[in-house]
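I opened the model to look up contacts, strands, backbone angles and charged pairs. My entries follow in the order of looking.

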Amino acid sequence: MQPAIISELITIVGKENVYTSFEDLFCYTYDASFVPVSAENVPGAAVYPGSAGEVAEVLKLAYREKIPVIPRGAGTNVSGGTLPARDCIVMVLTRMNRILEIDQANLIAVVEPGVVTAHLQREVEKLGLFYPPDPASQAYSTLGGNVAECAGGPRGVKYGVTKDYVLGLEVVLPTGEIMETGGRTVKNVAGYDLTKLFTGSEGTLGVITRITLKLLPLPEAKKTLLVVFDQIEQAAEAVSGIIAGGIIPTTLELLDNVYIRNIEEYAKVGFPVEAEAVLLIEVDGDSEVIDKEARKIKTICEELGAVQVRVANTKEEAEELWRARRSAFAAVARINPTIIGEDVTVPRTNIPAMVKEIQAIARKYSVIIAVVGHAGDGNLHATFLCDERNEEEMNRVEQAVKEVLAAALRLGGTLTGEHGIGRMKAKFLPDQLGNVSYQVMKSIKQALDPAGILNPGVMFKE
């Protein structure tokens, strides 16, 4: 990157917040997605702005000079959404990490984008409040990234995903203009819903610098169940059976035997390693109500073939089970060095069919595909466990991934339920949207980012 550009960046954010050495910049050549690290894509600079004003000045410079800008939080996304291009500016927003306000009366929190998700959750829970979205990376992912990706998590089945809690945003456009969307009210239908437009836009339309979030009262109690099945098809049927029975659990997680065995070896929480599948279920709310719901879930699962239903007797036991669930990807990483985690979503009634499709595709291409997912909302993570150094195997994996995505669309589903399109699925997006919708989305991108500087290659094929 030209010294004059570096000098301007230093003037804007301060010398201590600009990184230009190869050793420092190499840290920004990857995120949590499966994309080989490449020295060819080392950015020209990494900058850490401390305010919306500094973000605006950096973007004005980048827009003038036509320099790509990659907004970045903690880099936990798994769809290639923060991968840099050569000589770009990586804009890291983790300095902007203040909780600006928690309004108990109006059930609102106002935060900067660098606030870690779990930190906000802990702070609001001290006040008897609740921020439900809980991505697996919540201990280190940032809220700005959660909003940009519209992150989900296990509690999505009952409480929805990030977009359901974003009331308003402050956004800096690629031209450096600062705008606000939404507000502090639950109802707001003034004009187009620009808040929803930017939520899930994956850093392609603007840089989020302030977020107004909806909070809920903290549920009185919760109960966790571990349900064991001899056949994964029975577990998938039980998911539909529970919802059809009129119960919406807080979480309804499905894990297959590959995940069960590796989680147990890794975390040692008493998972039944011989089981073909387990459901990890949580209900919350009034104490008497959740006891009734837990009993009904137990009955439904047993009628559909469950061989064991275990109820966590203490808070500590329940937390241990959820700690194990969150370790899922780390646990299976020991099988093979490369993990490709797809997150297709289908209508809940099609979960059994989707599980069968994944199993058939795994057999067809002789690849390991483990299944874990937020099955209560139809979101299945087909996890490919492979070795990127084996070219022949990776060719089979590539074909298997295409067939898994095609199967999800054929069953009335979507390419992604929570991970985003990023760079990894950009070429498949027209398959889901169709040409007209795809061109409308590209028109929106062109209108807001005419120079194409924000996250080029994300969501749209280059």
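I count a contact as heavy atoms within 4.5 Å. The model is predicted, so I took local features only at pLDDT of at least 70 and side-chain atom pairs only at pLDDT 80 or more, while totals for chains, interfaces and linings use all residues. Residues are numbered from 1 along each chain as its sequence is written, and side-chain values use heavy atoms, with hydrogens and water left out.

I started with Leu279. Leaving aside neighbours within four places in sequence, I found Leu279 in contact with Leu225, Leu226, Val227, Phe229, Ala235, Ala238, Val239, Leu252, Glu253 and Leu254. The largest core has 61 residues, and Val227, Leu254, Leu279, Met354 and Phe384 have the most contacts inside it. Helix H14 (residues 391-410) gives the largest share of this core, 8 residues. Helices (H or I, at least four residues) and strands (E, at least two) are DSSP runs, numbered from the N terminus.

**Sheet.** I next traced an open sheet of 4 strands, with mixed pairing and the order E1-E2-E4-E3. Strand E1 (18-19) and strand E3 (69-72) each have a single partner strand and stand at the edges, so one side of each has no neighbour in the sheet. Two strands pair if DSSP finds at least two bridges between them. E1 pairs with strand E2 (residues 45-47) in the antiparallel sense over 2 bridges. I noted Ala46 in E2 as the bridge partner of Tyr19.

**Phi.** Most residues other than glycine have a negative phi. I looked up two with a positive value. Ser366 has phi near 50° and lies in the loop between helix H13 (351-365) and strand E17 (368-374). Ser366 is exposed, at 58% relative accessible area. Asn455 also has phi near 50° and sits in the segment after H15. Asn455 counts as buried, at 2% relative accessibility.

**Salt bridges.** I use the term for a side-chain nitrogen of Lys or Arg within 4 Å of a carboxyl oxygen of Asp or Glu. The structure holds 26 salt bridges. Asp291 and Lys223 meet in one at 3.3 Å, N to O. This pair links helix H10 (residues 287-303), with Asp291, to strand E12 (residues 221-229), with Lys223, 68 residues apart. Lys425 and Asp343 form another, with the closest N and O atoms 3.3 Å apart. Lys425 lies in the loop between H14 and H15 and Asp343 in strand E16 (residues 338-345), so the pair ties together parts 82 residues apart in sequence. Are these two side chains buried or exposed? Lys425 is buried at 5% relative accessibility, and Asp343 is buried at 0%. Lys364 and Glu403 meet at 2.8 Å, N to O. That pair links helix H13, with Lys364, to helix H14, with Glu403, 39 residues apart. Lys364 counts as exposed at 54%, whereas Glu403 is partly exposed at 25%. I also noted a network of salt bridges linking Glu8, Arg64 and Glu65.

Key: A nonpolar core is a set of buried Ala, Val, Leu, Ile, Met, Phe, Trp, Tyr and Cys residues joined through side-chain atoms within 4.5 Å. Buried means under 20% relative accessible area, exposed over 50%, partly exposed in between (1.4 Å probe, protein chains only).
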